[in-house]
Amino acid sequence: MEKLFINGSVPLKGEITVNGAKNSSLPILACALLCEGTTCIHNCPELSDVDATVKILTHLGCRVSREGSDITVCTDGCCRCDVPDSLMSEMRSSIVFLGAILARCRSARLSFPGGCELGPRPIDLHLAALRRLGAQIDETGGTLDCKCDRGLCGNTVTLSFPSVGATENTMIAAAAASGRTVIQNAAREPEICDLADFLNKAGAQIYGSGESTIIIDGVPKLHGCEHTVIPDRIEAATFMAASAVTGGDLIIRDVVPRHLQPVIPVFEQAGCDIKCLQNIITVKSPARLGPFKCIRTLPYPGFPTDAQAIVMAASTVAQGTSIFIENIFDSRYKHTHELRRMGAEIKTEGRMAVVQGVDHLTGTGVTATDLRGGAALVVAGLCAHGQTAIGGLNLLDRGYAHLARRLRGVGADIERRAPDA
Ligand code: EPZ
């Protein structure tokens, strides 16, 4: 199995470009199922999660082709409404197909998506929302048997938590339902707006995305269209942390600075000089970071849970004490065990983690515990003394394409290879 080998303490300098957003590509690709004819989606990142989504579209009978970051989906041959366990278990967020399949086929059969490295990943909000739109859902035996013989009907859906996935599933299902759907307490993430933009290009009538109340007036059908996925704000945050921990001076291209508003002040508070110009963010970093004080993860526009591990890695070598409170997932501190093995001083208690900055980390063999935990280990390896060898790259490949090559492009001493025999 390949590993990432990083010799740390090299200040990163130069320009690095952010890829399209994984968490936008996945729901938009699923939603393409609802569009008649051919849809072309640009700026799709080369990730294993995107590959898993393409596999499901192909299984359902769509013709999917890929050229670089462009993915074309033709739904003329769509003939199935089931997603087998083998495909569902590859990626738990495949649940976002439920709304699209149900809306197109009036029935859907998916296996229950399991938990993942972040703990149990319930879908009760998804199912309650789809039931409000008229879906009959039988959850016995680990399989979701869903149908809506007379099609879905618009309704008011109030989410008890602004779940990203449940908001996406409801938007997609409601787009082709009859009548008006109002989603209250909707998620406000940029990826929700991107999905709404895509759906409106396909003929949907969606208003208010990005706010807590979204209105969807269902239309009889959606047509193929072209769309370019927004940049990945979490990948951008990862590069910001990489600059911050190495005393670097990075120009990060193809970003939407507005999407990083919850993250930028955190790095400024720790001593980074950050400038935003149109689709560029520059990050000039001090020789040593100040404390990150207190970071609470919250739904957007709060600090993103996906950046928690990444920023925590940076805080391990900052001055003073940094505090993290993880409010979104029950089990999102697994990366702390690996960071401690590199010399980090981290104490966790329930949702809280307290990090006491140390002078430096020491490279050693570590293993990614989940996607963003793996990214945290890369950030830690970039500033550690000596060599860090990171395993579990299958988890990292879910969310970062060609990471070693791209970081080498800004001066990192990093390579991806099989361990020496
Ligand atoms: C999306 O997951 C992202 N994934 C996650 O990114 C991200 O961490 C998360 O949103 C929060 O921003 C994709 O977009 C593919 P949620 P999602 O539904 O939709 C609970 C990454 O690293 N909940 O907003 O699954 C849930 O257990 C990934 O790129 C219910 O209780 O997140 C969690 O505690 C990781 N019932 C909280 O809500 C439900 O029916 C947030 O979940 C649904 C969710």
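At what angle do helix α1 and helix α2 pack, and how far apart are their axes? The close-ups below start with that pair.

The model is predicted: local features need pLDDT of at least 70, side-chain atom pairs count only at pLDDT 80 or more, and totals for chains, interfaces and linings use all residues. Residues are numbered from 1 along each chain as its sequence is written, and side-chain values use heavy atoms, with hydrogens and water left out.

**View 1. Helix α1 against helix α2.** Helix α1 (residues 22-31) packs on helix α2 (residues 48-59) at about 5°, with the axes 10 Å apart. Axes are lines fitted to C-alpha atoms, for helices over the stretch in contact, and angles run from 0 to 180 degrees between N-to-C directions. Helices (H or I, at least four residues) and strands (E, at least two) are DSSP runs, numbered from the N terminus. The angle makes α1 roughly parallel to α2 (under 35 degrees; over 145 is roughly antiparallel, 65 to 115 roughly perpendicular and the rest oblique). Lys-22, Ser-25, Leu-26, Leu-29 and Ala-30 of α1 meet Asp-49, Val-50, Thr-53 and Leu-57 of α2, where contact means heavy atoms within 4.5 Å. By class, this contact has five nonpolar, two polar and two charged residues (Ala, Val, Leu, Ile, Met, Phe, Trp, Tyr, Cys and Pro count as nonpolar, Asp, Glu, Lys and Arg as charged, and the others, Gly among them, as polar).

**View 2. Helix α6 against helix α7.** The axes of α6 (residues 164-175) and α7 (residues 190-201) come within 10 Å and cross at roughly 10°. That makes α6 roughly parallel to α7. On α6 the contact residues are Val-164, Thr-167, Glu-168, Met-171, Ile-172 and Ala-175, and on α7 they are Glu-191, Ile-192, Leu-195, Ala-196 and Leu-199. They divide into eight nonpolar, one polar and two charged.

**View 3. The aromatic pair.** The structure holds one aromatic pair. Phe-267 and Phe-292 are edge-to-face, 6.0 Å centre to centre with 85° between the planes (rings of Phe, Tyr and Trp, its six-membered ring, pair if their centres lie within 6.5 Å; planes under 30 degrees apart count as stacked, over 60 as edge-to-face and the rest as tilted). Phe-267 lies in helix α9 (residues 264-269) and Phe-292 in the loop between β19 (280-284) and β20 (293-296), so the pair ties together parts 25 residues apart in sequence. Phe-267 is buried at a relative accessible area of 0%, and Phe-292 is buried at 0%. Buried means under 20% relative accessible area, exposed over 50%, and partly exposed in between (1.4 Å probe, protein chains only).

**View 4. Ser-315 in helix α10.** Ser-315 belongs to helix α10 (residues 308-315) and is buried, with 0% relative accessibility. Neighbours within four places in sequence aside, Ser-315 contacts Phe-292, Ser-322, Phe-324, Val-355 and Gly-357.

**View 5. Thr-336 in helix α11.** Helix α11 (residues 335-341) contains Thr-336, which is buried at 0% relative accessible area. Apart from neighbours within four places in sequence, Thr-336 contacts Met-312, Ile-346 and Thr-348.

**View 6. The buried side of helix α5.** In α5 (residues 124-132), the buried residues are Leu-125, His-126, Leu-127, Ala-129 and Leu-130. Their cover includes α4 (97-105), β9 (136-138), β10 (143-147), β11 (156-158) and α6. Just after α5, Gly-134 takes a positive phi of about 105°.
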